[in-house]
Amino acid sequence: MWRLGSRFLICFLVLKMAGVAVGVMPGLNWLAAQDYAFWRNVTPWFGRVVLRLHEPVLFTYSGSGDKLFDWVQMAGVLSLALVLAAIWMWFDRRRRWDPLARDLMRIVLRYGLGTVMLSYGMSKLLHQQMPAPHLFRLVEPYGESSPMGLLWTFMGQSAAYSAFAGGLEFLGGFLLFFRRTVILGALILVVVLTNVLLMNLCFDVPVKLYSALYLFMALVLVAPEAGRLWSLLVLRRAVAPSLASEVRRAWPAGRAGRLLTVVKALVVLQILWVVPAQAYFRWRDHSPAKPELYGLYEVETFTQNGETHPPLLTDRARWRRVMIDEGNFFVVQFMDDHRRFFRIRNTSQPGKLVVEPNSGPKRGESISFTIAHPAERELLLEGRLDEAALAVRLRRADDAKLLLQNRGFHWINEQPFNR
């Protein structure tokens with residue numbers, strides 16, 4: 001049973017990370033694409049035929065890693081790994097390939113997990129994954145934020161803390177690419193990923209499945225050295241050198257071994273260049289710019305079909321605020337605090353503002369407003385929305401006066417400032 005379990009573990013981890021490990025290697029993008037396409041086609045079949053799910057397993061792009069598709073795919077990978085482990089046991093009863101397979105698994109884990117952590121680390125270092133809170137988040141009632149939104153807000157509020165968290169992820173991933181520093185990198189990632197998994201679980205972030213998997217992978221990398229680490233750190237005993245040199249005997253020696261070392265060096269350099277460089281260029285070229293009318297606007301008067309609405313909290317039709325935000329967001333906050341999101345379309349017509357709903361049945365439909373500036377810091381919008389003629393007078397508010405924006409950092413605090 002131990003033999004089956006160890007081979008099952010090897011097959012499972014290689015299946016999960018092989019696509020990631022080869023995806024950034026020169027000329028092997030097609031192989032990663034084939035792995036992706038295979039599971040995208042097989043997973044719905046597995047859910048329907050093998051698991052007999054009544055609900056169809058559909059693949060969608062949503063930013064969530066905990067979709068039904070992802071859980072069914074995980075069940076499919078586990079099942080395939082079990083089949084491959086059984087076949088392996090049948091054809092290799094003398095365990096001749098075990099040392100090579102274990103070393104191959106560690107290489108795939110190191111390169112795959114290292115690549116993932118470099119990517120996550122760079123996104124936090126550049127303040128991309130959890131950016132500074134948008135205007136619509138700053139004026140949202142605290143109790144109306146979702147647990148995930150709350151996490152994104154407190155992480156995004158401090159670029160320094162985001163960089164610290166990303167730096168640890170990047171460092172742990174970077175150290176996995178070198179045999180001498182694998183254990184150090186894996187230990188760093190065990191701590192980092194434990195915190196990530198707990199945040200995902202406690203704040204309902206839909207990446208629970210993958211963060212648990214990445215933590216498990218880091219623990220697998222640490223596992224061969226667990227006894228030595230216990231003796232050194234807890235029992236304070238001298239420990240023998242690592243057995244990594246014995247595992248290396250499974251690989252070619254002589255000229256073939258030197259060629260393999262050169263190939264490995266090129267692959268590592270490729271990964272260490274491509275992943276950070278892609279993140280940097282994405283940050284440089286696609287960072288959201290502030291629209292020309294960027295700002296937080298309070299609604300002074302609101303007229304619908306010729307009727308002026310007073311600012312009553314019971315009026316669900318009257319606008320309360322408008323946020324024109326980074327990423328070309330046009331957000332309307334109503335008197336009862338519910339919001340509607342629109343995207344600003346690029347338009348070259350002066351005095352025109354063209355938006356489209358960000359979701360819902362009318363997504364993609366163009367809505368045009370005329371713009372006037374009757375006074376300094378004022379904006380007048382006129383147009384039609386939901387078959388109603390609107391005239392909305394807005395006054396630009398100073399978002400810098402919001403406490404979250406202006407409190408700043410203080411070395412000396414005579415009293416706690418906790419509001």
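Biologist: Which residues are linked with Glu300 in a network of salt bridges?

Modeller: This is a predicted model. Side chains of opposite charge can pair when their charged atoms come close. Here a network of salt bridges links Glu300 with Glu378, Arg393 and Arg395.

Biologist: Which strand holds Arg393, the salt-bridge partner of Glu378?

Modeller: Glu378 and Arg393 form a salt bridge, with their closest N and O atoms 3.0 Å apart. Glu378 lies in strand S8 (residues 378-385), so the pair ties together parts that are 15 residues apart in sequence. The strand that holds Arg393 is S9 (residues 388-397).

Biologist: How many residues apart in sequence are the parts tied together by Arg395 and Glu378?

Modeller: The side chains of Arg395 and Glu378 meet in a salt bridge at 2.5 Å, N to O. Arg395 belongs to strand S9 and Glu378 to strand S8, so the parts tied together are 17 residues apart.

Biologist: Is Glu378 buried or exposed?

Modeller: Buried means under 20% relative accessible area. Glu378 has a relative accessible area of 10%. Arg393, at 27%, counts as partly exposed, and so does Arg395, at 33%. Glu378, however, is buried.

Biologist: How many residues apart are Arg339 and Glu140?

Modeller: The side chains of Arg339 and Glu140 meet in a salt bridge at 2.8 Å, N to O. Arg339 is in strand S5 (residues 339-344), while Glu140 is in the loop between helix H5 (135-138) and helix H6 (147-157). The pair links distant parts of the chain, and the separation is 199 residues.

Methods:
Residues numbered from 1 in each chain as written. Predicted model: local features only at pLDDT ≥ 70, side-chain atom pairs only at ≥ 80, totals over all residues. Heavy atoms only, no water. Salt bridge = Lys/Arg side-chain N within 4 Å of Asp/Glu carboxyl O. Helix = DSSP H or I, 4+ residues; strand = E, 2+ residues; numbered from the N terminus. Buried < 20%, exposed > 50% of the residue type's maximum accessible area, 1.4 Å probe, protein only.
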